[in-house]
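Colleague: Could you take me through this structure? I would like to begin with the terms and then turn to the details.

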Amino acid sequence: MKLKPLADRVLIAPVAAEEVTVGGIIIPDSAKEKPLKGTVVAAGCGTADEKMELAEGDTVFYGKYSGSEIEFEGEKYLIMRQSDVLAKIEA
């Protein structure tokens with residue numbers, strides 16, 4: 001990937017929100033809950049004080065209002081500090 005987060009930041013591809021219908025009415029994107037699960041696409045090297053615990057391909061949960069939304073090459077991502085990630089899902 002051409003986009004490399006710095007220090008203790010990670011780039012996350014959110015899991016797509018599920019299509020929800022209520023009695024045949026499709027709920028618009030603006031009313032859908034923001035997904036709280038995603039896949040790490042790229043990770044920084046960490047800092048002198050904090051080792052990078054996440055790696056590319058990890059599936060994680062993050063806080064509802066964590067990170068900043070960015071768009072790169074037509075794809076939407078979240079970039080956030082490693083400390084904003086709540087948990088890593090291990091297989």
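Modeller: Helices (H or I, at least four residues) and strands (E, at least two) are DSSP runs, numbered from the N terminus. This is a predicted model, in which local features need pLDDT of at least 70 and side-chain atom pairs count only at pLDDT 80 or more, while totals for chains, interfaces and linings use all residues. Residues are numbered from 1 along each chain as its sequence is written, and side-chain values use heavy atoms, with hydrogens and water left out.

Colleague: How many helices and strands does the protein have?

Modeller: The protein has eight strands and zero helices.

Colleague: What share of the residues is buried?

Modeller: Of the 91 residues, 27% are buried. Buried means under 20% relative accessible area, exposed over 50%, and partly exposed in between (1.4 Å probe, protein chains only).

Colleague: Moving on, how many salt bridges are there?

Modeller: A salt bridge is a side-chain nitrogen of Lys or Arg within 4 Å of a carboxyl oxygen of Asp or Glu. By this rule there are three salt bridges.

Colleague: Which residue does aspartate 8 pair with?

Modeller: Aspartate 8 pairs with arginine 81, the closest N and O atoms being 2.7 Å apart. Aspartate 8 lies in the segment before β1 and arginine 81 in strand β7, so the pair ties together parts that are 73 residues apart in sequence. Aspartate 8 is buried at 6% relative accessible area, whereas arginine 81 is partly exposed at 36%.

Colleague: And which residue forms a salt bridge with glutamate 73?

Modeller: That is lysine 2, with the closest N and O atoms 3.9 Å apart. Glutamate 73 lies in the loop between β6 (68-72) and β7, and lysine 2 in the segment before β1 (9-14), so this pair ties together parts that are 71 residues apart in sequence. Glutamate 73 is exposed, at 60% relative accessibility, and lysine 2 is exposed at 72%.

Colleague: Where does glutamine 82 lie?

Modeller: Glutamine 82 is in the loop between β7 (75-81) and β8 (85-89).

Colleague: Is glutamine 82 buried or exposed?

Modeller: Glutamine 82 is buried, with a relative accessible area of 7%. Its side chain reaches the backbone nitrogen of glutamate 53 at 2.5 Å. That is a polar contact, a pair of N or O atoms within 3.5 Å; within protein, one must be able to donate a hydrogen and the other to accept it, and residues adjacent in sequence count only if both atoms are side-chain atoms.
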